[in-house]
Amino acid sequence: MNRIFAEEKDRLINTAPVILVGNPNVGKSALFGVLSGRYVEVSNYPGTTVDYAAGWIRIKGEKLRLFDSPGADSLSPVSEDEIVTRDLLILYPDSKIICVVDSKNLKRGLVLLSQLAEFGRKVVLALNMADEAKISGVNIDTEKLSKILGIPVVSTVATQRRGIERLKEALQHAAIPIIPVDYTGEISNAVDKIENRLRGICHGARGISLSFLSGDNGLPAKAVNLLSDPDLNRIRQIKTRLESAIAEPLGFLIAKRRNDSIKSIIDRTVDSGKTVGQRAFQIIGQLSLHPLYGIPVLISILIGIYYFVGVFGAQTLVGILEENLFGGIINPFFERIFGLIPIPFIRDLFVGEYGILTMAITYALALILPIVTTFFIIFGILEDSGYLPRLAFMVDRIFKKIGLNGRAVLPMILGLGCDTMAVLTTRILYSRKEKMLVTLLLALAVPCSAQLGVTLGILASISLSAVLIWLAVIIAVIFLVGYLASKVIPGRSSEFILEIPPMRLPKIENIAVKTLMRLEWYLKEAVPLFILGTLVLFVLDKLNILILAKKMFAPVATGMLGLPEKSAEAFIMGFLRRDYGAAGFKNMFDNGLLDPVGAIVAMVTITLFVPCIANFFIIIKERGLKTALLMVSFIIPFAISVGAIMNLVLRGLGLW
Amino acid sequence: MVVKCPVCGYRFDSSLNRACKSCPVGFDCDRICCPNCLYAWIESTSLVSRILNLFKKEKVIGRS
Ligand SMILES: [Zn+2]
């Protein structure tokens with residue numbers, strides 16, 4: 001390398017550079033282009049796949065190095081881009097920062113800014129895309145914001161080169177932002193302790209301490225190299241100790257505190273003008289959080305689900321597919337084709353009473369698919385509109401009020417998850433009583449909202465009162481789980497929502513993609529089990545065991561539950577997958593084998609049944625055969641007793 | 001992959017499977033589970049993603 005060039009490079013590196021830092025997609029690169037002019041080098045950040053741009057910026061005749069960091073939402077890095085951004089800051093401790101934010105989403109930008117403050121960096125805030133903000137009616141009081149933050153704040157439109165000179169000018173007055181965040185006692189103590197050990201080793205000790213506590217990538221390589229082994233162990237110990245004292249992920253709590261203080265700044269400086277539609281959504285959003293008015297909002301959503309999933313999906317669509325398409329065209333076609341095969345065994349295997357095509361595939365595609373599709377569309381809308389956090393908040397508040405654990409039941413209400421046990425198993429349980437309770441919870445609360453959706457849809461095609469009765473039972477179970485959970489995991493803080501996003505109209509293409517992905521997932525999980533279940537029935541039938549099983553099950557089915565003998569089939573299917581069992585009952589109902597009371601009793605029983613055999617096997621694997629059997633030995637009698645009680649009550653009332 | 005939970009807003013790296021580690025059921029499922037609130041959802045599936053990528057490529061070609 002040319003010696004003179006190298007010397008010059010050294011000299012320049014020693015002068016403090018300017019670094020552009022900002023969230024992804026806020027026009028940072030455009031701003032970089034405007035600030036740096038023509039000469040831009042793109043280099044790969046060593047040891048990563050991340051590229052960053054470097055150029056020069058001229059301020060009052062002085063030429064300074066200018067870096068464009070990769071986009072980052074946080075300096076407690078989660079992605080490689082964020083790690084590189086953080087490392088660039090550490091590499092150039094004297095650099096001045098231009099923090100570029102999208103004026104339409106100041107909040108997101110201020111999260112980053114508050115971390116720059118924690119890193120002790122001198123910053124100028126560029127409110128980019130100011131023109132778009134103006135169009136969408138967002139008004140930011142820049143003067144006031146500047147006063148509160150104690151740093152220069154400049155509105156820019158990088159694409160039109162607006163505000164550029166003022167931004168350059170402001171760089172001379174760059175200062176450390178003032179964003180006081182109140183990390184509560186324990187966290188604050190831990191931060192202080194870690195900060196003390198990092199000070200003198202690395203610039204930005206406070207920022208690094210917080211990001212170290214927040215996640216896995218928090219400690220930059222530089223700090224790891226410079227820390228002595230005892231010091232490194234000590235700070236890791238501080239983190240572990242804090243983690244075990246607090247139930248929530250630390251990263252969540254730290255982000256939450258930060259968000260709270262940023263919200264108060266936003267409230268004082270941003271006037272987000274809204275269109276009529278946006279205002280309407282805002283009002284619905286506020287109503288849905290209200291302890292009283294939230295309930296009618298929830299009820300109207302449930303009514304919406306009932307009509308869309310239960311009436312449109314389970315009646316109209318299923319009618320077209322099951323009766324017309326499969327019953328009228330597809331299955332007769334296959335029956336004719338397979339009729340040509342002279343071996344009855346093969347014929348029955350595919351198109352017989354328990355045939356793979358006539359039963360498994362028909363149930364999956366004609367009965368379950370339309371219901372689950374409509375259900376997933378609704379779920380996608382709830383997710384994208386921002387209603388789910390509100391529902392979670394409301395449920396949690398109700399449960400908290402009556403002293404139950406709301407968080408434990410959330411996965412059951414919201415989740416497509418088998419996750420309740422995740423909460424429970426993270427805690428070490430000591431007594432036998434606690435272990436029993438956990439087992440019980442596992443048994444009751446293994447949820448799968450997709451399966452519940454299918455059951456709901458099928459019930460809706462029976463009658464509205466069936467839906468309501470079933471819903472009441474499910475809600476009772478949810479409360480039971482909440483009660484038991486509060487016995488097992490008492491005193492768990494239920495602060496778990498970071499931010500409640502504004503209500504908004506979901507984008508159709510997003511919903512479509514989400515629905516397709518959920519369908520793919522569902523079909524992959526469910527159809528193989530449907531086929532397996534059908535095969536089991538087929539084999540049992542051929543071996544004449546099925547008829548025996550029906551006879552053996554008869555006292556329970558007909559005696560206790562008031563169901564026909566044939567319902568044993570649906571229970572066998574339901575043991576493999578709950579929704580498949582529900583489909584079996586629906587089929588019986590449609591063929592006049594079940595009366596409305598029988599249908600409700602059957603559906604409630606199957607809902608409380610083992611949700612899915614695959615899950616069951618994994619529970620055996622992970623928690624042992626004994627626990628798994630214990631689960632089953634509780635679930636099945638429990639489900640049957642609830643069903644039996646419902647049978648007595650409903651028939652006793654004589655409503656039908 | 002960095003994801004943001006649609007319920008609680010927590011940002012995390014889904015490849016770490018933090019929540020899955022303590023879940024006896026979901027070691028190998030396609031769901032992403034938030035380690036904070038335990039909401040589980042589907043973020044991508046092979047078939048749909050592949051189809052979407054096809055569309056994206058076409059769009060890029062169309063533009064250039
Ligand atoms: Zn979450």
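This report describes strand β3 of chain A and its two neighbouring strands in a predicted model.

## Basis of the model

Residues are numbered from 1 along each chain as its sequence is written, and chains are lettered from A in the order in which they are written. In this predicted model, local features need pLDDT of at least 70, and side-chain values use heavy atoms, with hydrogens and water left out.

## Strand β3

Strands are DSSP runs (E, at least two residues) numbered from the N terminus.

## Pairing with β2

Two strands pair if DSSP finds at least two bridges between them. Strand β2(A), residues 41-44, runs antiparallel to β3(A) and is joined to it by 4 bridges. V42(A) stands opposite A53(A), and N44(A) is opposite D51(A). The hairpin formed by these strands has 6 residues between them, and G47(A) in the turn has a positive phi of about 80°.

## Pairing with β4

Strand β4(A), residues 62-68, is also antiparallel to β3(A), with 7 bridges joining the two. I57(A) has L64(A) as its bridge partner in β4(A). In this hairpin, 2 residues lie between the strands, and K60(A) takes a positive phi near 50°.
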